[in-house]
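Trainee: I've got a protein model open and I'd like to learn how to read it. Could you walk me through it?

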Amino acid sequence: MEKKDVVEVAGKKDAQAERRFTKQQVLASARYRDRRDLVSALLDDGRTYTIAEVGQMVDRFMKGKVR
């Protein structure tokens, strides 16, 4: 029984991870409160993003080399 419960919870997380958000919604979220300027520069208006996509973009930028 426990395995079934874990699968259901994992399914809910997958569905939640697939939700897409606009640039304005991401900027309004508490998750990116400390990086609003960076997120604003990285994201395009009129496009939607998953939380994973935004996280990858921020990580890639933060790990980039300084020229």
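This is a predicted model: local features need pLDDT of at least 70, side-chain atom pairs count only at pLDDT 80 or more; totals for chains, interfaces and linings use all residues.

Trainee: What is the mean pLDDT of the protein?

Mentor: pLDDT is the predictor's confidence in each residue, from 0 to 100. Here the mean is 84, and 75% of the residues reach 70 or more. Contact means heavy atoms within 4.5 Å.

Trainee: How many helices and strands does the protein have?

Mentor: Both are DSSP runs, numbered from the N terminus: helices are H or I with at least four residues, strands are E with at least two. This protein has four helices and two strands, and along the sequence they follow the pattern α-β-α-α-β-α.

Trainee: Let's take helix α4. What span is expected for it?

Mentor: The expected span of a helix is 1.5 Å times one less than its number of residues. Helix α4 covers residues 51-63, 13 residues in total, and reaches 18 Å from its first C-alpha to its last, close to the 18 Å expected.

Trainee: And which residues of α4 are buried?

Mentor: Buried means under 20% relative accessible area, exposed over 50%, and partly exposed in between, with a 1.4 Å probe and protein chains only. In α4, the buried ones are V54, G55, M57 and V58. They cover an arc of only 160° around the axis, which puts them on the same side of α4; that arc is taken from the directions from the helix axis to the C-beta atoms. On the other side of the helix, R60 and K63 are exposed.

Trainee: What covers the buried residues of α4?

Mentor: The cover includes α2 (23-28), α3 (36-42) and β2 (48-49). Take V58 as an example: leaving aside neighbours within four places in sequence, V58 is in contact with Y32, R35, L38, V39 and L42.

Trainee: How many residues are in the largest nonpolar core?

Mentor: A nonpolar core is a set of buried Ala, Val, Leu, Ile, Met, Phe, Trp, Tyr and Cys residues joined through side-chain atoms within 4.5 Å. The largest one here has 11 residues, including F21, Y49, V54, M57 and V58. Helices α2, α3 and α4 each supply at least two residues of this core, and α4 gives the most, with three.

Trainee: Is I51 buried, partly exposed or exposed?

Mentor: I51, in helix α4, is partly exposed, with a relative accessible area of 26%. Beyond its neighbours within four places in sequence, I51 is in contact with R19, F21, R31 and Y32. The C-alpha atoms of I51 and R20 are separated by 7.4 Å, although these residues are 31 apart along the chain.

Trainee: What is the relative accessible area of G55?

Mentor: For G55 the value is 19%, so G55 is buried. G55 and V39 are 16 residues apart in sequence and 9.5 Å apart in space, C-alpha to C-alpha.

Notes. Residues are numbered from 1 along each chain as its sequence is written. Side-chain values use heavy atoms; hydrogens and water are left out.
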